[in-house]
Amino acid sequence: MSAAGEEFMKDLWRGKVPVQFTLSTDSLAGMEYERPTAFYKLIPRVGYLSFFLSEVRAHLQHAATKHGQESDIWLSRDVGGKVTPIRWHFPVGVVFDYLQLSEGKETEEMLPLSLSVHFTPYPDPSMVAMNTEKETMSLFSQILKQAHTLRYNSTMAVTNLSMSQWNDLVVAVRECNYAKYATVRTQLRRAEVEPKKLPIFVHFNETIWLRSPSNPTSDSTTTLAEFLKEILPEIFPFTDEEAQSESPISLPSARLLIQGVTPSPATPLIWLSEYMAHPDGFLHVVICSK
């Protein structure tokens, strides 16, 4: 890892999202209860909303209905009468970027990020259960192994972590502790091994794709423009001149964010995967049509 790259990663890890948690109308216990004041929390972009549910529960649950399981809790974004369950199995930064682009807003218009809290059964049985830190890290482990399977065709680096190293990784993700993460990352990333594929999640409108360049042997030279033109040619019809631009991507057809940033189309994809991937090992590319 280059010194400049490490400093860039440290800056990404400093990123946080101010979140406002408000008790949903459908969870109010009755007229005799006043709606409690909102709960505010500054949450790391690399972390997960589920890490903070115990604090949210302590602040809001006393005024909630009693039906459903004791553990029932889920979050939604309510805009224009539409209730959208939050995909909380993805890092907070990915959730924020997706909501921002899907609502067609600028960052300042999204702050604080207002979420509704429901103490009712999940509206969709397919929702991922992440009510506890244990459930969160269990899913995190599965996704990390998936990333390593793509990158190295092996999960050995993950399964060989000692209990102490795994605990350090948990603390790193939960508390946004870059120093602990950097130590474990050296065990996870096999610098001497050329990546087989680059683990990439593409969040396009309401769909999520698992993608990697079609020709893995070209990963070291593939640019972001080439990757986007391959997967969404109708959305990103870059000319040769546009593809070589060092300015942030700006097209009338769509907006794109990676870690809250719009990179230039000429950025090497392997650089993005190395320095802008989340702790789960995946580069999350968020795209919404205009």
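**The largest pocket and its lining**

Tutor: In this predicted model, the largest pocket is lined by 26 residues, and Thr84, Pro85, Arg87, Tyr98 and Leu99 are those that lie nearest its centre. A pocket here is an open set of points on a 1 Å grid over the protein atoms alone, where a 1.4 Å probe fits, with protein on both sides within 12 Å along at least five of seven lines, and a lining residue has an atom within 4 Å of a point. The elements that give two or more residues to this lining are the strands β3 (74-79), β4 (82-85) and β9 (283-289) together with the helix α3 (92-102), where helices are DSSP runs of H or I with at least four residues and strands are runs of E with at least two, numbered from the N terminus. Among these elements, α3 gives the most to the lining, with five residues.

By class, the lining has 13 nonpolar, seven polar and six charged residues, where Ala, Val, Leu, Ile, Met, Phe, Trp, Tyr, Cys and Pro count as nonpolar, Asp, Glu, Lys and Arg as charged, and the others, Gly among them, as polar. The volume of the largest pocket is about 600 Å³, a volume being the space filled by probe spheres set on the points, with grid points joined across faces, edges and corners.

Elsewhere in the model, the axes of helix α6 (residues 163-175) and helix α7 (residues 178-188) come within 8 Å and cross at roughly 135°, the axes being lines fitted to C-alpha atoms, for helices over the stretch in contact, with angles from 0 to 180 degrees between N-to-C directions. α6 and α7 are therefore oblique to each other, since angles under 35 degrees count as roughly parallel, over 145 as roughly antiparallel, 65 to 115 as roughly perpendicular and the rest as oblique.

Residues are numbered from 1 along each chain as its sequence is written. Because the model is predicted, local features need pLDDT of at least 70 and side-chain atom pairs count only at pLDDT 80 or more, while totals for chains, interfaces and linings use all residues, and side-chain values use heavy atoms, with hydrogens and water left out.
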